[in-house]
Amino acid sequence: MIKRKNMIKRKNMIKRKTWQGGLLYISIMALALLTLLPIVLLVTNSLMSGREIVSRYSMDITVFNVLNTEYIKAGDAPFHFVEMTFLPDYITFYQYFKLFFKSPEYLRLFWNSVILCVPIVVGQCIISVPAAYAFERLQWKYKEHLFFIYIIVMLMPTQVLLVPHYLLAEMVTLPPYLAIILPGIFSPLGIFLLRQQLKGFPHECLEAAQVDGAAHGNILYHIVLPNMKPSVAVLVMITFADYWNIVDQAIVFIKNVFDEPMSIALSKVMQNDTGMFFAMACFYIVPIVVLFMACRDYISQELSFVGVKN
Amino acid sequence: MNVTIRSRNKKKYREWVLWLLLLPSLMGMLIFYLLPFFLSMYYAMIDNVVSRRFVGLQNFIDTFRNLSFQRALKNTAFFILVGVPLNLICSFIIASLLKKMTKLKGFFGLIFLIPMIIPAGAVVFVWKSIFDVNGILNWVLYSVGLPMKNWLESEWVLGIVIIIFLWKNIGIGMILFWTGLNRIPKTYYEVARVEGGSAMRQFFNITLVYIMPTGFVAALLSIINSFKIFKEVFLLFGNYPSEWVYLLQHYMNNQFLAANAQKLSASAGIISAFIVSVLFFFFRSQRKLSEHFS
Amino acid sequence: MRIRKGWVLIGIIFLLFVVGCTIYSRTFYQWNLPKVEIMAPRSGTLLLGQYDVRSVSKKEEGSGGFTHSTQILLPLTVNYFYVDDEAEVTLTGIRNSTRKGRVTSITNTKENLVLTIGFHAENFADGESVDVSIMKETIPLSNIMPKSALHEDDKGAYLFVVTKEQGTWGREYVVRRMDATVWASTEQEFSVSSTIEYPVVFASDSKLADGQQVRFYP
């Protein structure tokens with residue numbers, strides 16, 4: 001009797017488990033879809049023609065969307081709701097064609113962003129790797145205090161750090177791009193990340209190499225660097241994502257409309273030339289998504305490290 | 001004796017090499033971050049570029065008395081105090097849900113990370129389409145029969161900004177919590193089950209305690225990222241938003257445009273002092289709580 | 001745990017594609033811009049009309065103090081001659097007999113404009129054949145352009161001028177529409193009332209629009 005009750009209980013538990021499991025999958029799937037919704041929208045809407053985009057998303061009532069207007073209150077002017085959709089009326093690649101072959105100004109915006117990001121990423125790597133190694137191996141009384149200053153600077157919001165940069169740029173009259181690139185290269189985020197990775201490195205190994213007669217440079221290049229590859233990849237990824245998306249510094253320093261990076265120029269395109277917006281936004285997110293996909297193993301690994309070692 | 005002298009020289013030489021490796025970063029830090037900071041403090045203490053009279057703390061007091069600064073402070077504080085805990089709770093829930101799944105974990109983790117890297121400028125249009133006067137939200141309300149509202153100008157704007165913040169930042173909290181949850185040894189749970197504890201007690205005594213350090217890191221990262229929400233807000237609302245969404249960064253941005261170096265430095269000084277004290281309190285409480293729980 | 005090579009390849013292909021598009025936009029796109037020919041407006045006078053008419057002279061006293069007069073017929077559309085305009089009168093066939101005459105009156109018939117020109121002649125008989133040469137010029141103007149520079153649409157008459165503006169890849173040449181009110185015109189040229197500081201487009205190989213980037217004939 002007891003055995004049968006146990007069996008029934010276990011069967012019920014299994015049924016409940018699979019029922020719960022199914023619910024779990026469905027809820028996670030729904031959440032994931034919700035998270036990806038804006039991006040999928042971007043991609044599919046970029047295949048619409050410009051006329052369709054304008055007629056769907058604008059408040060003006062034109063001959064193309066007059067059938068989709070509502071009258072909110074009797075006697076009011078007709079009101080047009082945004083018709084967001086995932087399937088265009090007819091699919092056309094004209095927006096991409098116009099973007100790549102007929103609009104040199106948008107191409108230039110892309111290169112502006114690239115010119116802003118690449119020196120910063122490269123400079124960060126060049127500067128942070130030796131500095132993190134030096135922090136780790138240095139024996140100095142005030143090393144941790146210095147590092148604490150670095151951490152404080154790292155945790156400040158961008159706007160607060162912008163004020164000293166702005167004053168410096170005014171005093172020395174730096175060209176706008178340099179005023180963004182130079183402070184970005186020396187940002188302490190890289191040193192922090194790389195040092196976290198180095199903390200787990202066995203010191204005895206390094207000291208053995210040192211006793212064997214290797215100079216610091218050699219140690220750095222041959223032993224430490226290959227093992228720091230995940231950290232460096234994550235640093236590249238995070239810095240690139242940060243500066244590809246730059247907004248605060250660009251508003252303050254860059255005055256010329258043609259010199260703006262794509263992050264702020266996109267909102268201007270949204271108002272002036274709405275048809276091109278989706279194609280340009282897709283064009284804009286491709287580099288960062290490609291970089292993310294290329295380094296994604298390293299990212300999950302590195303984030304777990306950061307969580308543990310703090 | 002000779003050997004020791006030589007090795008000591010070599011050691012000194014090696015020390016110098018290490019300092020040389022550190023030099024570029026130190027120089028850059030000094031020139032671009034620390035020295036300009038003192039320069040800005042100097043600017044904060046004078047009253048005018050022309051006369052350069054020393055006025056001490058007058059600029060700071062003026063900034064505190066400024067109504068827009070107070071409004072910005074209120075809005076930013078509300079946003080952080082509501083947004084960050086909400087973010088932590090949501091990412092914790094999703095991480096624990098994800099942990100129960102057996103397959104496709106990595107895939108879903110990746111999907112939740114993607115909003116973090118998508119630049120703000122690309123999705124701003126989507127948010128605008130949803131929450132604008134003629135947007136999707138209003139359309140749904142209209143179809144159902146409820147009254148519509150201009151959400152982007154009303155007092156619910158901060159709620160919308162919190163939604164955008166959640167969308168963007170759930171990924172990173174989720175990954176942190178997920179690895180943190182994975183590190184709690186399963187034996188603890190089994191011990192608790194054997195000892196007859198209900199699921200609720202399990203959660204409170206085991207999970208919450210051991211997730212604490214990860215929780216602190218996630219909270220720290222959330223606070224840092226909550227300042228970055230200014231990007232979306234600026235691209236959505238421009239330079240002069242409504243008073244319900246006027247953040248500290250808007251205040252500073254307006255000072256930039258007015259090129260008023262004194263007020264700028266004063267507000268930067270106040271905000272940095274504020275943040276330093278918050279961080280200090282944060283680290284102190286983390287240390288105390290971890291001592292208390294272990 | 002490695003960098004996924006497939007995605008790196010995709011990234012490199014994408015980058016090369018954008019580089020290619022940029023190169024295209026710097027070369028082919030530039031070569032395919034509309035070509036224009038420009039000129040600076042010239043200073044001078046517009047010759048409104050010149051007429052050489054053979055007519056018969058009449059001997060008459062009075063009428064403005066002239067001894068002879070002759071009448072010439074001009075089309076009704078000619079409207080720029082006034083009384084006291086100068087004309088040259090030559091006895092037909094006889095060189096060195098040119099003398100200055102003056103318009104004494106202008107009347108209309110149903111088909112023609114009749115100009116009466118009075119002149120002094122001591123040795124002319126009545127009824128002699130004379131060649132009258134009369135022309136009208138404007139005052140010296142500073143912006144005279146060929147008629148091909150003038151365009152019209154429903155908002156009025158306008159010109160295209162070429163300005164140097166800050167463009168995508170540096171400074172580029174852009175045509176801008178400039179509204180113009182025609183002050184005087186002949187059949188080939190015209191002049192406007194405002195001064196023009198920029199070079200004017202008088203020929204292009206395709207239809208132009210305001211704000212379009214152009215290039216010049218090499």
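Q: Why are H4(A) and H7(A) called roughly parallel to each other?
A: In this predicted model, helix H4 (residues 104–137) of chain A and helix H7 (residues 176–185) of chain A pack at an angle of about 25°. Angles under 35 degrees count as roughly parallel, and H4(A) and H7(A) are therefore described in that way. Their axes are 8 Å apart, and their crossing is right-handed.

Q: Which residues make the contact of H4(A) and H7(A)?
A: From H4(A), the contact is made by Ile115(A), Leu116(A), Pro119(A), Ile120(A), Gly123(A), Gln124(A) and Ile127(A). H7(A) contributes Tyr177(A), Ile180(A), Ile181(A), Gly184(A) and Ile185(A).

Q: What secondary structure elements does chain C have?
A: Chain C has 2 helices and 16 strands.

Q: Why is chain C said to be more spread out than a compact globule?
A: For 218 residues the globule rule gives 17 Å, whereas the radius of gyration of chain C is 30 Å, well over that value, so chain C is more spread out than a compact globule. Along its principal axes, the C-alpha trace of chain C spans about 120 × 35 × 30 Å.

Q: Into which domains is chain C divided, and how far apart do their C-alpha centres lie?
A: Domain 1 of chain C covers 33–44 + 141–216, and domain 2 covers 47–137. The C-alpha centres of these two domains lie 40 Å apart.

Note on methods
Residues numbered from 1 in each chain as written. Chains lettered and ligands numbered in written order. Predicted model: local features only at pLDDT ≥ 70, side-chain atom pairs only at ≥ 80, totals over all residues. Domains from an automatic or database assignment. Axes fitted to C-alpha atoms, helices over the stretch in contact; angles between N-to-C directions. Helix = DSSP H or I, 4+ residues; strand = E, 2+ residues; numbered from the N terminus. Parallel < 35°, antiparallel > 145°, perpendicular 65-115°, else oblique. Left-handed = near helix turned anticlockwise from the far one by under 90°. Contact = placed C-beta atoms within 7 Å. Rg over C-alpha atoms; globule rule 2.2 N^0.38 Å.
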